[in-house]
Structure formats: C-alpha cells, structure tokens
Amino acid sequence: VRETQTHYTVRTTELLLRGASSSSTTSAITAVAVNDAGTVFALGTGTGVVALWTIDGNVPHASPIVAAPASSSAVAQLSFANPRLLPFAQAAPPSSRPPSPLQSLVLAAAYENGIVAKWDTRALGSPQVVPPVSGVIWSSLQKMSEPERLLAVYGMSDGTLEVCDLL
C-alpha cells in the first residue's frame, strides 16, 4: 500500500468578505467539514456564511456560497450526511458524465446561537432551520455509526437536552 499526501491551497477571501462583520463577529474560518468520500468540503465563518468546494482531479473547485439563516452568529460546527443514508439517494441513471460529488448530500451547520440549519446540496437555496427554535442555549452535530445517523443535539435553557434526527 502506497500512502500519498495531497495539499490544497484554498483562497477564502471572497468567503471572508461576505456577511456583515462587526465587533461581535469576525471574518474568520470557524468550522470545516469533509464528506466521507473526501470529494466535498465546507467552510463556515464567524459571520455565519457557509461555502462548499468540490475536489476533482486533486484540484479544489468553489461551489456556490450558501447563505446563513436569519442569523449573524458564527458557524460553530459543520457536518455532511453520508449519501447512502438518505432516503432520496438513489442510483443515478446511466449517462456519459460521472455524477457530481454534491449529489444527494445533506450539509448541516450548528451556529453559536443554537440554531441548526441544513441544506440539500442538490438544490442549494434557503436552509431548513431545524426545530426547536426557542429556549436553545447551544447546539451540536453528532454523527452515529451504528446505526448511521446525523443528529442535532440542543442544550435547552431549562437544563434538558433535545435530540433531533436530521435525516
């Protein structure tokens, strides 16, 4: 077995300039996630912006910048759901082009203010904010391997935890 290492340089200037920066938010990368296949990665910023890149032929390519939900809170955590877990992940019809690495992925983001949002990477648009929305102090994303799931865990103001399956 031969091990290889690949190093990428990713220019994030455009990403860091998006979103309003103030004394309470900073233009910095605050979260990183890579999908299980290593073909897609996401970066989150202190202003709540999320951006995607695909890796094709060992070269990263910028994909659409994903807007944050109605929140200027920093991205605290990002996670991809494994495509084989999704009910809508079906075999692609035969074609002459290989499928995009963005097909059938879910990207989830946990924000410092407790909001959790998720996107379907097949049709990036407005995120779906995952309940609950009131009484949340913090949130976290947890991947489970047996059974394979992606969970949002919420710390509530009354001291309880709430768990929501994101798939």
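Author: Lysine 143 is partly exposed, at a relative accessible area of 43%. Here buried means under 20% relative accessible area, exposed means over 50%, and partly exposed lies in between (1.4 Å probe, protein chains only). Aspartate 36 counts as exposed, at 53% relative accessibility.

These two residues form a salt bridge, with the closest N and O atoms 3.3 Å apart. The term stands for a side-chain nitrogen of Lys or Arg within 4 Å of a carboxyl oxygen of Asp or Glu. Lysine 143 belongs to strand β9 (residues 136–145), while aspartate 36 is in the loop between β1 (29–34) and β2 (40–45), so the contact ties together parts 107 residues apart in sequence. Strands (E, at least two residues) and helices (H or I, at least four) are DSSP runs, numbered from the N terminus.

A word on the source. This is a predicted model, where local features need pLDDT of at least 70 and side-chain atom pairs count only at pLDDT 80 or more, while totals for chains, interfaces and linings use all residues. Residues are numbered from 1 along each chain as its sequence is written, and side-chain values use heavy atoms, with hydrogens and water left out.

The search of the whole structure finds 2 salt bridges. Arginine 149 and aspartate 165 form one of them, their closest N and O atoms being 3.0 Å apart. This pair links distant parts of the chain: arginine 149 is in strand β10 (residues 148–156), aspartate 165 in strand β11 (residues 161–165), 16 residues apart. Arginine 149 is partly exposed at 23% relative accessibility. Aspartate 165 is partly exposed too, with a relative accessible area of 36%.

Now the covered strand. In β6 (residues 106–111), 6 of the 6 residues are buried, so the strand is largely enclosed by the rest of the structure. In a regular strand, side chains alternate between the two faces of the sheet. Both faces of β6 are covered. Val106, Ala108 and Ala110 are buried on one side, and Leu107, Ala109 and Tyr111 on the other.

Next, its neighbours. Two strands pair if DSSP finds at least two bridges between them. β6 pairs with strand β5 (residues 75–81) in the antiparallel sense, over 6 bridges. There, tyrosine 111 is the bridge partner of valine 75. β6 also pairs with strand β7 (residues 116–120), again antiparallel, over 5 bridges. Leucine 107 has tryptophan 119 of β7 as its bridge partner. β6 and β7 form a hairpin with 4 residues between them. Glycine 114 in that turn has a positive phi of about 95 degrees.
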